[in-house]
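Good morning, and thank you for coming. Please look at the sequence and the model on the screen while I speak.

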Amino acid sequence: MESTVTLAPSYTGKHGIYCSYPDVCRSRVEEYIAFLQERGKQVCFGESVQALKNCDSLLVFLAPNADLTKARRDITYALDHKKHLVYVLLGDTELDSGLKIQLGLAQKIVNSEDAFEQLLSALAVSPTEGEKPCNYILIAALVAVVAAVIVAVFLSVGQNEEAVPPAPAEEHIAMENALRDGLIQNGIDTSGDGGISKQELEIAQELDLSSLGITDISPLAAASELVKLDLSGNNISDITPLAGMKKLQSIDLSGNAIDDFQVLTYLPNLTEQDISEQHTK
């Protein structure tokens, strides 16, 4: 459907709001952009990488059945550079576990009747010119955690050790069986409960997940401490979840179905890589 709104030119200066969206929902996104422009917001849109670098805020639109490769790349850059992050769900969009982890502390806007006003309110906490970007939601979350700890300490005073309830089990990350089985073979399931938690992935440094029939590696986005990773001989096509592995030094991606390796350029310590024998269409 062609858009019926008229947009002002994309903002080209600094300290604006960068919009990232899939082409399939362009007409719907332009309604949001026009709304923000009418209220004096400086909005950047298009494919310019420099525009994202110059902006203080990233506004990401996610749509059902859309290619989210660019969205993952923009979100990773925004998080790495401490930019204010807001995302809008257009329709019934199901996020994979990797995106859920990345967007865990970002402010979510659901496409509803008051979505425009929600968005204006969310962007109102965006840093002003000259200020260092700050994730206010992260601060609020930390305050809530500290408050919960203080309450727990007071409630435990006077209780004996037998009355203290056991610690809750760590929540498992949803993933395909082939990946879960491979991680268990690598000793990542330290709790021995047959599942893999985010905390268990966060301490992994080396993983051999070769020739297991893996297709989706989005859960590996949590493995930020990895130094060496072998994913050879699988059926992987999307490697954007690797973007946050800043300590990764060696990776083997040979024998997969990958046609875009740009994410590897975001890994500053990567010195050894094998991307041979891809069976792409």
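Helix H3 (69-80), helix H4 (97-102) and helix H8 (198-202) each contribute at least two residues to the lining of the largest pocket. Helices here are DSSP runs of H or I with at least four residues, numbered from the N terminus. H3 gives the most, with three residues.

The model is predicted: local features need pLDDT of at least 70, and side-chain atom pairs count only at pLDDT 80 or more, whereas totals for chains, interfaces and linings use all residues. Residues are numbered from 1 along each chain as its sequence is written, and side-chain values use heavy atoms, with hydrogens and water left out.

A pocket is an open set of points on a 1 Å grid over the protein atoms alone, where a 1.4 Å probe fits, with protein on both sides within 12 Å along at least five of seven lines; lining residues have an atom within 4 Å of a point. The lining of the largest pocket comprises 16 residues, and Leu79, Ile101, Ala221, Ser224 and Gly244 lie nearest its centre.

Tyr32 belongs to helix H1 (residues 26-38) and Phe116 to helix H5 (residues 115-123), so the pair ties together parts 84 residues apart in sequence.
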